[in-house]
Amino acid sequence: MSSWYNDEEEEVANRPIDDTLQKALQLVQEHEATLRGAEVAVGDTINSLPDQYYEPVSVSLAPQERVLALELIHTEEKFFKKVLAVFAYLCEEIHELNEIAETNFYPKLTMFGVPVSGSEEAEPAPGQAEEQIGRILPLLQELSNFVNRCHDCAVNLVQQLAKLYNAQERLYQSTFQFVHLLPVCQALSQLLTILVTLDAVITNNPYLIPAWTEYKRMMQFVRAEPDTYNTTEDQVQKFERLLVHLDQSIMRGTIFNACVDMDYEEAVPVDDEEPERVNVRSNPQLLNELFHCLKAMTDRVSDVTGSATETSERQEVVGIFSLYVLYRRLTPAYVEPDAKFYKRLWAMQRRVPAVVLVGKLAWFPSDFLETYARLEVKKLDPSDVPAARKAFIDKFDDNFPHTVKNLFLKITSWMVEVENRFSASARHAPDPVPLLEERGTLLLKGLVHVHQVSILMHTLITMHVSLGVPMQRKVLRPLCMCTELLKAVEIMMMRKGPVVSESMSAILRLLSARLLQVVRPIRAKLEASRKFDDHKLDVLAAVNVVETILHGSDSFSFSRQTVLSLALHICLNPNMVKDTEADHALSLLKRIQMLANWQTTIAKASSCAFLFWNQELLATFIQDVYKYPTEANRLQYIMAAFMDSSHLLRSVQHEHDNDSHLRSFKRTMIKTVEETLVKPLCRDVENDLRMRIHHKNQAHGVKTSELNPKKNPSKALRPFLELRPLRLFGSLLDVRQKVTHYLETIFYNLTTVALYDWMTYADMRNLAAEKYGLELADNHLPMGSLEYDQGLDVLMIMRNINVFVSRFSYNLNQQNFVERRPDRGSKNLNTINIQSIAASLRQHGLGILNTTVNYTYQFLAQKFHVFSQFLFDEYIRGHLSKERRWFRKHKAEHGNMYPYDRAFKFCKEIRKLGVADNGRTFLDQFRILITEIGNALGYVRMVRSAGMHFCSEAVRFLPDLDEIIDFEPHAGAGKPAG
């Protein structure tokens, strides 16, 4: 007989279904692995925040190169080589000056006089200002030398330009009349920006100038009595001349003004000949070059500012305005300034109303022009500057939340792309070129995003502080989000540091190859020409320099960047390439420069050191995070942002203990975290535990609606307790440990006050472990158990033995009695053990022992009389006899076990005899009687055990007769004293 069921047909029919299920299962597993990887990555990003105290090894992408600029210029054109080398050296000198100012002078001068507590209302002690000035006098002398060096560098740069851009100069006639050295003018503007910033730092410090005045006043007493101060008149005079020089050169806020007012035509020695003056003010070629570069820089900054590609262009605005002031000072008086360009500069404050120089110092374009280069021009836009600034900040506040939200979406999507593209080494990629291009683009995008967020924060805080306009509540949360975004990007790039460092050289090599593709047609064009003049030779030399640098190394130091930029601007003159090709080449150069300086640039852009001057925001940010417990991990970023001010605090030089500022700020941060986070968290956790335990213990104490999560949702406080310890300047602040310690202290103190509440706090401790994962230590309190001198007394039990045996239950194993149910309103149960009875025997003596036992036996006799009457009752006896006969007859069938059905039937028969008012049958009453008899017998046993326990405790004080100590050998001869 053939089966109607065919296994092969069924297998063929189900194969597509199995394949689909297998694919779906594989998809789910892959998606789960992806989610787990994302969770691990995000968890590392959130929780594993780096700290400079715990970062023993870091990766630096800055190339350490000792090759001079002259060695990078390989050409046989001697004069061209000298020109390129001179400007490269000057640009590198200005770059070094800028680094010195940023690392040495700006932070130290900004932090001068700031009280240790961080409060500006602190009154300085008498003589403190003079001591502080005395400690920074070496710094002021260094600053004076630095300013002189800047002035000399500015004069040298302008004179070099004047020598080159001269109608009688051969190089100018052949080549440089077509070339605009924009990098040189940008370097000059950067140098002037340094001087402007120094003036702002000195004049806007509320402590420096008053302290300097007090120090000068103190010198009058030193001059009058030099012997008192252990000095001489000659030394005092030399020192006063030094102070006068410092006062005139740097302390009056005229550093920039002194630079632009210098004599740029001073005599310069030339090849052992007599010094000759340099033609600067009456050199139209130089002035035209400066003005052309000014307009080019202004065009570029105006186009980029406020756009999606803006990076550090706002800082260049200060340099443009400073260079314009220098241009106006160099222009002869008979030359009328360009009113249109002045209007254009004036109108830039529509987009850039203020620029943050350093820390909290703001620079305003209109005020700068009014001070240094005022020009009477009609119909300026804006005409009312204060109203324009107020309108700008109002509009900025309205758009700020929406702008930050869009940036948040962009940065989060960018971080996902970075996590994907920078996950593994590019060496194992089948085609690494597209991957490297994507990585380079992502790095540049990250740099742009970080600058956008930084600009938003600086603009918001600076404008509100400068104009005295209070911040609206709607901008505080987006402002906090900005700090988190900056730190998230910075920390993510630190995690990806090894992959970035591996890819950076290859990315720069790709960009160099693209730039070479732009330069090679220029070489081919020059080599194909039949006639060579000086201009073509110079351009060809510049092409050789560009190719040499691009082929020379995969890393670009600042010297290489400078020489490359200068040579490329010579190559891209209008006689050689079209404007579109030149723009493409300059954009590639810009990308190379941004990636070469990427690590330092993103570190500066993501720095939140300016938050030191806005410490009150820390409490606001933490309070905002506390409103949203699911976002508890934001705290790590906020702490990291406020710790960026560590280099400011370490730069203090005016205090006797310069580390006191760092310790004070650390204490301030810890105090703020404890007041705004730890204390509210402790209070809310305790209240939540108390409400839920009281709702369990007292049904009418708490309304059910208050604990209904739909009507009254409670905070999910556990994310705060699951945070990793917060890092604060090398210390760890564990929120979980703080809350645990608080609850342990509260539970211990309140239990000692009211021992009857021990069970409530035990339940709260268990609930804390279950709901919040808090393992609270045992407080080792008796938790309401009876001590030896507490509880019921033996005499009280003996007088009320009938009540005792009915209300207490006997535990045969542990030898104690436990009250069955408490009295109405009572919060504890009474217990009686051997120790409590022994305490009564100690109080009343052993004579009460026999009395208690006899009284209990008399009570038992009464109970046994009732017991016998019940058993001899005719109805009870008849039913029992009937059941006995049946059991004897059928015990073999049931294995000597009395069946349950017979027992139920027997209970029903007994119930027919009658039921008491409380619903109990005679059998129930008999069972209670047996229980009371057992309790009485257990009480007698416990009393006898307590007597033996009392005797054993008392006998330990008696000496052992078998081991009596003989004191005679230790007593000595017993000689009388004296």
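## A buried phenylalanine

F368 is buried, as its relative accessible area is 5% (buried means under 20% relative accessible area, exposed over 50%, and partly exposed in between, with a 1.4 Å probe and protein chains only). F256 is buried too, at 0% relative accessibility.

Before we go on, a word about the model: it is predicted, so local features need pLDDT of at least 70 and side-chain atom pairs pLDDT 80 or more, while totals for chains, interfaces and linings use all residues. Residues are numbered from 1 along each chain as its sequence is written, and side-chain values use heavy atoms, leaving out hydrogens and water.

## Aromatic pairs

How many aromatic pairs does a search of the whole structure find? The search finds 31. Rings of Phe, Tyr and Trp (its six-membered ring) pair if their centres lie within 6.5 Å; planes under 30 degrees apart are stacked, over 60 edge-to-face, and the rest tilted.

F256 and F368 make a tilted pair, with 5.5 Å between centres and 45° between planes. This pair links distant parts of the chain, 112 residues apart: F256 is in helix α9 (residues 255-260) and F368 in helix α13 (residues 365-372). Helices are DSSP runs of H or I, at least four residues long, numbered from the N terminus.

F864 and F867 form an edge-to-face pair, 6.2 Å centre to centre with 80° between the planes. Both lie in helix α32 (residues 847-871), 3 residues or about one turn apart. F864 is partly exposed at 42%, and F867 is partly exposed at 22%.

## A cluster of rings

One aromatic cluster is formed by F291, Y324, Y327, F341, Y342 and W346.

Definitions and conventions
Helix = DSSP H or I, 4+ residues; strand = E, 2+ residues; numbered from the N terminus.
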